[in-house]
Amino acid sequence: MIRAFEKRAEQKISGFQSPAADYLEGRLDIAGRLVVDPHSTFYFQMKGEAMSSVSIHDGDILIIDRSLSPKNGTTVIAFIDGNFSCRIYQVINSIPQLKNDTGTIYQTEMDTLQIWGVVTSVCRNVLPKSLKTGKCRHVCAL
Amino acid sequence: MFALCDCNNFYASAERLFRPELTGKPIVVLSNNDGCVIARSEEAKAFGIKMGDPEFLVRDLIKKYHIHVFSSNYVLYGDMSERVMNQLGRWFPRLDVYSIDEAFGWLGGIRNLESYAPKIRNAVIQNTGIPVSIGVAPTKTLAKLANKLAKKHNGVLVLDTDEKISDAVRDFPVHDLWGVGRQYYKKFEALKIETVAQLREMPEMWFKQNMTIMGQRMYNELWGRPAIPLDEIRETTKGITVSRSFRNYIESPEILAEALALYASRLAEKLRAQKLRCVYLQVFLYTNKNREDHPQHFPSHTHKLLIASNSTTDLVGIAVKVSQKLFRYGIKYRKAGVIATGLIPESELQLNMFSDHDGGKKDTVSAVLDRLNLAYGRGTLRMATEGYEKKWRLKHEYLSKGYTTRWSDIIQVI
């Protein structure tokens, strides 16, 4: 949000043109590293600790890319028993299964494993509560 | 060759993507104000629910068959549409977005269409989650026809030979043909023309005489000679409208003013987004014409601005003032709207000799307004006339969330 207003400051130069003007590269933006294709990217949020053994915790924002097909070891979002669920996709003895800390679902238990998308990365706010206020209260939080 | 890509039951599919438990279950989506059915899943169609059915008429069916009802969530559909169109755009040298859920693609220079088209379809379905069907043919009219047939096949139909085209048109009903409205259909009916194959066999002169230039184009298109190029259909905007039904009837001038202030301010935003100003602002009010027991009143007035404007303060001021003149006590108003016409580009402003122009100042105010509302969300800074409670606002009892547009609405996974 701040960025939208910042641009104006750059445009108005009252004195001398910056000697760096010809060498601008554009500042790093984390979105470019997190999102491969915005048109196939969705965001979900982890609720609870069913994935804590692989370090995905309550409140983490998950970045999901639908364009990928899961391979062994992929973190995925699946639709299981009426709920979206975060799971690890594994293929053991060529039978796919979906595992998290609450248990394992085997393909044999369902017609098909309903995989909604692949989790490419996880975003987490690591600030202590005392700093998670003011302008920082929305860092990786809803 | 042209392709027509069309999302299957788009609104219902978009809702279902985020509610997978509704896969295979009947869904209907209602229009603004939850008035009529505007989209149905295949299952809902099978229960006999028709496009445009008023909600109260199908209420019993909805209950009986446990049909899931959604209010129209245009925020969600708009975003999903953008995703689909962007995915499609990668597969065609040129793409013409025809509506929220369909686009024509030009396939010039691409070979092996029989294997190419399914690839497009699979990629869109995988990447966006929205099912699409693709019809491919030498003309837009035939591509549209192929698309309708593709829906009944496995989602793709390529008509790349004369034989395939002849097969496709053989039993295709003329009333489903692109460009055939009620007028033309009556003519066909009188001549007992029922299928596109029959229509196609009519002489070219007949098309010209009975359907003017449109007929000639249709004739050529049906025989595989492109007569409607990409992009050509789009009309230049002559007017921009913002109109909505109210949740309940409005019977007080103050409340009516609130509604018109909001519509006018949306209209000003739309004008500015397109870099246009308007010379005329029309305000209209509707009563419910289905209620014969209510007194009816459909007043409308067009105000001519001295100097063309797209400023929120100008348009809101006029809309409110006009609405107060149109308003009659004792009438139950159901809907109102504002229409901007006489549109001119922002850069071509004609001043008036007899009036002061403080346009520069107003443009600055508008720019600040747009910038704040873009950064902090629509309606953050607004005219006080719009009011706070907005009790007249649209009814959308079955609205789903902004899963892809609002952080507070993203899906929680366990």
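This short talk walks through a predicted model, starting with chain A, then the interface, then a sheet in chain B.

Some ground rules. Residues count from 1 along each chain as its sequence is written, and chains are lettered from A, with ligands numbered from 1, in the order in which they are written. Because the model is predicted, local features need pLDDT of at least 70 and side-chain atom pairs count only at pLDDT 80 or more, while totals for chains, interfaces and linings use all residues.

Chain A, then. It has two helices and seven strands. Those are DSSP runs, numbered from the N terminus: helices are H or I with at least four residues, strands are E with at least two. Along the sequence, the pattern reads α-α-β-β-β-β-β-β-β.

How much of chain A is buried? Of its 142 residues, 18%. Buried means 20 or more other C-beta atoms within 10 Å of the residue's own, with C-beta atoms placed from the backbone.

Next, contacts. Two residues are in contact if their C-beta atoms, placed from the backbone, lie within 7 Å. Take the contacts in chain A with a separation of 6 or more: 50% of them come from residues 24 or more positions apart.

Now the interface. Here 24 residues of chain A are in contact with 18 residues of chain B. On the chain A side, β1 (41-46), β3 (74-80) and β4 (83-92) each supply at least two residues. The largest share, five residues, comes from β1(A). By class, that side has 13 nonpolar, nine polar and two charged residues. Nonpolar covers Ala, Val, Leu, Ile, Met, Phe, Trp, Tyr, Cys and Pro; charged covers Asp, Glu, Lys and Arg; the others, Gly among them, are polar.

Stay with β1(A). Three bridges join it to β13 of chain B, residues 411-413, and the two run parallel. M46(A) stands opposite V413(B) there. Strands count as paired if DSSP finds at least two bridges between them.

Last, chain B. Which strands form its open, mixed sheet? Three do, in the order β3-β2-β4. β3 (37-40) and β4 (68-71) are at the edges with a single partner strand each, so one side of each lacks a neighbour in the sheet. Neighbouring strands are turned by 25° on average, direction ignored. Axes here are lines fitted to C-alpha atoms, for helices over the stretch in contact; angles run from 0 to 180 degrees between N-to-C directions.

β2(B), residues 27-30, runs parallel to β4(B), joined by four bridges. One partner pair is I27(B) and H68(B). Helix α1(B), residues 10-17, packs on this sheet and touches β2, β3 and β4 of chain B. Its direction makes about 115° with that of β2(B).

Key: Buried ≥ 20, exposed ≤ 12 C-beta atoms within 10 Å, placed from the backbone.
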